[in-house]
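Me: I am new to this structure and would like to get to know it. Could we go through it together, one question at a time?

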Amino acid sequence: MNEVMRNERKFLLSLEEFYRFSGYFSKFMIEDPHNGWDGYTVRSLYFDTPWERDFYEKEDGLEVRRKIRLRIYHPEDKFAVLEMKQKQGTNQRKRSLQISREDAKKLVQGRYEALLAYPQEFAAECFGVMQMHAYRPKSIVEYHRKAFIAKENRIRLTFDHHIVASETNMDMFDENPGLNPVWDPYLVVFEVKYNGFLLSYIRDAIHQIQKSETSVGKYCLGRSVSLHYLF
């Protein structure tokens, strides 16, 4: 089980700004080893309650809220990562657990008892929460991500673009799940994730972007059709 507690700030960039600033950060930060020229693919399957609690808590901007998802990076992956993100004021707590491909499929079917085979307390907590609140898969969201890392303070900068989603096909291992655009392909979500404080040379670089912060969430974008999310 992996756990991080960090601050997260989001900004909207144009595609042109993404290419310019990613080139700039590549000069003094470590590139994620999975980065290609345009980044790498991330695919997440989000769960929510029958009354869409996590969606509306995000929409209402509650200071304490959570979301639960499975994440893979390629349809042929032999495992998935179960993640729970909890917002606590200005901090984001993220806990994650690697589970097998077969168990990930069981979770999509609502067979949460598969988590009880894992010894970690986090697995038992996820089982309890998902069982008690009747969580069900709601949306698959996929996008391209380019990431940069600074070892100090676990600083991570990510650029997410070309966001597509589906609310009908919940098979996250499907080669062609029929994903559709839910976000302007010329806009990029730039996230700054850090623990404690930003190093001055990174803070100064971010100030050059001169953008207002945004609270756009990829899960909410993925529910854009059924829940009429406006952006």
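This is a predicted model: local features need pLDDT of at least 70, side-chain atom pairs count only at pLDDT 80 or more; totals for chains, interfaces and linings use all residues.

Me: Which residues lie nearest the centre of the largest pocket?
Reply: Picture a space with a volume of about 1,100 Å³. By class, its lining has eleven nonpolar, ten polar and 24 charged residues. Nearest the centre of this pocket lie R6, E8, K85, K94 and K193.

Me: How many disulfides are there?
Reply: A disulfide calls for two cysteine sulfur atoms within 2.5 Å. The count therefore needs such a pair, but for C126 the nearest cysteine sulfur, that of C220, is 20 Å away. Likewise, C220 has the sulfur of C126 as its nearest, at 20 Å. The count comes to zero.

Me: Is C126 buried or exposed?
Reply: Buried means under 20% relative accessible area. C220, at 1%, counts as buried. For C126 the relative accessible area is 0%, so C126 is buried.

Me: Which helix has the highest mean pLDDT among the elements of the protein chain?
Reply: The protein chain has a mean pLDDT of 90, and 95% of its residues reach 70 or more. The lowest mean among the elements, 84, belongs to helix 5 (residues 200-207). At the other end, with a mean of 98, is helix 3 (residues 101-108).

Notes
Residues are numbered from 1 along each chain as its sequence is written. Side-chain values use heavy atoms; hydrogens and water are left out. Buried means under 20% relative accessible area, exposed over 50%, partly exposed in between (1.4 Å probe, protein chains only). pLDDT is the predictor's confidence in each residue, from 0 to 100. Helices (H or I, at least four residues) and strands (E, at least two) are DSSP runs, numbered from the N terminus. On a 1 Å grid over the protein atoms alone, a cavity is a set of points where a 1.4 Å probe fits but cannot get out, and a pocket is an open set with protein on both sides within 12 Å along at least five of seven lines; lining residues have an atom within 4 Å of a point. Grid points are joined across faces, edges and corners, and a volume is the space filled by probe spheres set on the points. Ala, Val, Leu, Ile, Met, Phe, Trp, Tyr, Cys and Pro count as nonpolar, Asp, Glu, Lys and Arg as charged, and the others, Gly among them, as polar.
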